Amino acid sequence: MAKCKYCHESITRLDKEVCPFCGCLKPLDGTDTSTQDVTKVIDQLENPTKIKHKKRIIAAILAVLFGFLGAHHFYLGKTKKGLLTALISVGFIGIFGVIIFFIGLKNAFAFLIPYFAVEIIMLFFGYIYLTKHSIQDSYGEFLE
């Protein structure tokens, strides 16, 4: 138990404002309630973490080669958008590939037609990444 710094009687931590025995104010050591400047207490970071800038050429290449899987969005840190892109494009390729398979072509080439349709869209995204300078990653940094 703590002791009052004036009368040395045993008191609880709940009696930190007034001693119940002698009536003195702030009977416990270190119970100063004055405010302190927090910036003096917290050490400043010597080397703040730097965000690695994303390259626009890498985003464009990923959009063209693996855009149907959302790789360019994952590279930029936009995970939800990447998952949505992958689900939509794989679903599109799968659904229209099955339709073309049962209507006309009876081989695996039926899935290449919708794949090339998605690839044309991804070529457009690759072009956008190369030419548009206002594209940002998930940290709000512009592509280099």
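Trainee: Where is the place of Asp137?

Mentor: Asp137 sits in the segment after H5. Keep in mind that this is a predicted model.

Trainee: What makes you say that Asp137 has no salt bridge?

Mentor: The nearest side chain of opposite charge is Lys54, and that is 5.7 Å away.

Trainee: How do you know that the side chain of Asp137 has a polar atom by the backbone nitrogen of Tyr139?

Mentor: The two atoms lie 3.1 Å apart. The cut-off for a polar contact is 3.5 Å, and 3.1 Å is within it.

Trainee: Okay, on to Val118. Why is Val118 called buried?

Mentor: Its relative accessibility is 6%. You'll find Val118 in helix H5, residues 112-131.

Trainee: Which residues is Val118 in contact with, apart from its neighbours within four places in sequence?

Mentor: Phe68, Ser89, Phe92 and Ile93. Take Phe68: it is 50 residues away along the chain, yet the two C-alpha atoms are separated by 6.8 Å.

Trainee: What lines the largest pocket?

Mentor: Val118 is one of the lining residues, and so are Ser89 and Phe92. The pocket holds about 180 Å³ of space.

Trainee: Which helix gives the largest share of that lining?

Mentor: H4 does, with six residues. H4 (79-103) and H5 each supply at least two.

Definitions and conventions: Residues are numbered from 1 along each chain as its sequence is written. This is a predicted model: local features need pLDDT of at least 70, side-chain atom pairs count only at pLDDT 80 or more; totals for chains, interfaces and linings use all residues. Side-chain values use heavy atoms; hydrogens and water are left out. Helices (H or I, at least four residues) and strands (E, at least two) are DSSP runs, numbered from the N terminus. Buried means under 20% relative accessible area, exposed over 50%, partly exposed in between (1.4 Å probe, protein chains only). Contact means heavy atoms within 4.5 Å. Lys and Arg count as positive and Asp and Glu as negative; His and the chain ends are not counted. A salt bridge is a side-chain nitrogen of Lys or Arg within 4 Å of a carboxyl oxygen of Asp or Glu. A polar contact is a pair of N or O atoms within 3.5 Å; within protein, one must be able to donate a hydrogen and the other to accept it, and residues adjacent in sequence count only if both atoms are side-chain atoms. On a 1 Å grid over the protein atoms alone, a cavity is a set of points where a 1.4 Å probe fits but cannot get out, and a pocket is an open set with protein on both sides within 12 Å along at least five of seven lines; lining residues have an atom within 4 Å of a point. Grid points are joined across faces, edges and corners, and a volume is the space filled by probe spheres set on the points.
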